[in-house]
Amino acid sequence: MKYVFVNGRVAVIVRYWEQQGPVTDGGARVELRRVEQVEGAGHRAGAAGFTVLPISDGGFWRADLFMVLSDPGTPCFHYHPRFENNDVGERFNADDLTANPRQWIAARLSDITGTLTGAGAADLIGSMDLEQHQRALPAMLAAVDACLAQVPAAMAAHA
């Protein structure tokens, strides 16, 4: 399941993800991406929509609240604060992220203007209804919780 919250030209995407590599990590992935408004065919009233741009064209921030699925209890919490060269760039760690990932992501989403500014996407702030964003935070965090709830079953499957 993917959860997408669109506000102005910003999409907050929350989904369960497993990252395959030398070890397999899995958990909640939270991304911020650009949104383009799209006019409907012939500019008919009610036919407008939007496109959430892919990472290469529109991604600018990501947090991965992951656990190593084959090694229960081993966290792999990290974030990508500013994408570079059309990709996520390096992983960054933070003590407060490791100590309490749920609280850390809540703080980043709550301070959306600071997160957007730090990610180099301050130009998108004016497109958002910031009060509406704050009202949507409980739903965003419920989506994070739903993704994190899948981790124990994934650990069992990878054991």
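**Figure 1. R15 and the residues around it.** In this predicted model, R15 touches M1, K2, G27, A28, R29, E31, R33 and C147, leaving out residues up to four places away in sequence. You can find R15 in strand β2, which covers residues 10–19. Is R15 buried or exposed? Its relative accessible area is 11%, and because buried means under 20%, R15 counts as buried. One name in the contact list, A28, is the subject of the next view.

**Figure 2. A28, a residue of strand β3.** Here we turn to A28, whose place is in strand β3. Its relative accessible area is 0%, so A28 is buried. Which residues does A28 contact, leaving aside its neighbours within four places in sequence? They are R15, A63, D64, L65, F66, V144, C147 and L148. Take F66 as an example: A28 and F66 are 38 residues apart along the chain, and their C-alpha atoms are separated by 6.4 Å. R15 is on the list as well, and C147 is in contact with A28 and is also touched by R15.

**Figure 3. The largest nonpolar core.** Let's look at a whole group of residues this time. How many residues belong to the largest nonpolar core? There are 38, and W61, I105 and L116 are the ones that touch the most other members. At least two core residues come from each of β2, β3 (25–38), β5 (59–68), β6, α3 (101–110), α4 (112–118), α5 (130–148) and α6 (151–158). Helix α5 gives the most, with six residues. As background, nonpolar side chains in soluble globular proteins tend to be buried together.

**Figure 4. L116, a member of the core.** This view picks out L116, one of the residues that touch the most other core members. Setting aside neighbours within four places in sequence, L116 is in contact with V10, L32, F60, A121, A122, I125 and M128.

**Figure 5. N85 and N86 in a loop.** Two residues share this picture. Where does N85 lie? N85 is in the loop between β6 (75–80) and α2 (95–99), and N86 also has its place in the loop between β6 and α2. N85 has a positive phi of about 50 degrees, although it is not a glycine. For N86, phi is positive too, at about 60 degrees, and N86 is not a glycine either. Are these residues buried or exposed? N85 is exposed, with a relative accessible area of 76%, and N86 counts as exposed at 58%. The cut-off behind that word is simple: exposed means over 50%.

**Figure 6. P54 between a strand and a helix.** Look for P54 in the loop between β4 (49–52) and α1 (55–58). P54 is partly exposed, with a relative accessible area of 37%. With neighbours within four places in sequence left aside, P54 is in contact with R33 and G59. How far apart in space are P54 and R34? Their C-alpha atoms are 8.4 Å apart, and 20 residues separate them in sequence.

**Figure 7. A159, after the helix α6.** A159 has its place in the segment after α6. Its relative accessible area is 84%, so A159 is exposed. For a sense of distance, compare A159 with R102: the two are 57 residues apart in sequence and 25 Å apart in space, C-alpha to C-alpha.

**Figure 8. Stepping back to the protein chain.** The protein chain has six helices and six strands, and along the sequence they follow the pattern β-β-β-β-α-β-β-α-α-α-α-α. Its radius of gyration is 16 Å, close to the 15 Å that the globule rule gives for 159 residues, so the chain is as compact as a globular protein of that length. Along its principal axes, the C-alpha trace spans about 55 × 35 × 30 Å. Of the 159 residues, 42% count as buried. Among contacts with a separation of 6 or more, 54% are between residues 24 or more positions apart. The chain exposes about 8,200 Å², with carbon and sulfur atoms supplying 52% of it. There are 13 positive and 18 negative side chains, and the centres of the two sets lie 5 Å apart.

How values were computed
Residues are numbered from 1 along each chain as its sequence is written. This is a predicted model: local features need pLDDT of at least 70, side-chain atom pairs count only at pLDDT 80 or more; totals for chains, interfaces and linings use all residues. Side-chain values use heavy atoms; hydrogens and water are left out. Helices (H or I, at least four residues) and strands (E, at least two) are DSSP runs, numbered from the N terminus. Buried means under 20% relative accessible area, exposed over 50%, partly exposed in between (1.4 Å probe, protein chains only). Contact means heavy atoms within 4.5 Å. A nonpolar core is a set of buried Ala, Val, Leu, Ile, Met, Phe, Trp, Tyr and Cys residues joined through side-chain atoms within 4.5 Å. The radius of gyration is taken over C-alpha atoms; the globule rule is 2.2 Å times the number of residues to the power 0.38. Accessible areas come from the Shrake-Rupley method with a 1.4 Å probe; for residues, only the protein chains shown count as cover. Lys and Arg count as positive and Asp and Glu as negative; His and the chain ends are not counted. The place of a charge is taken as NZ of Lys, CZ of Arg, CG of Asp or CD of Glu.
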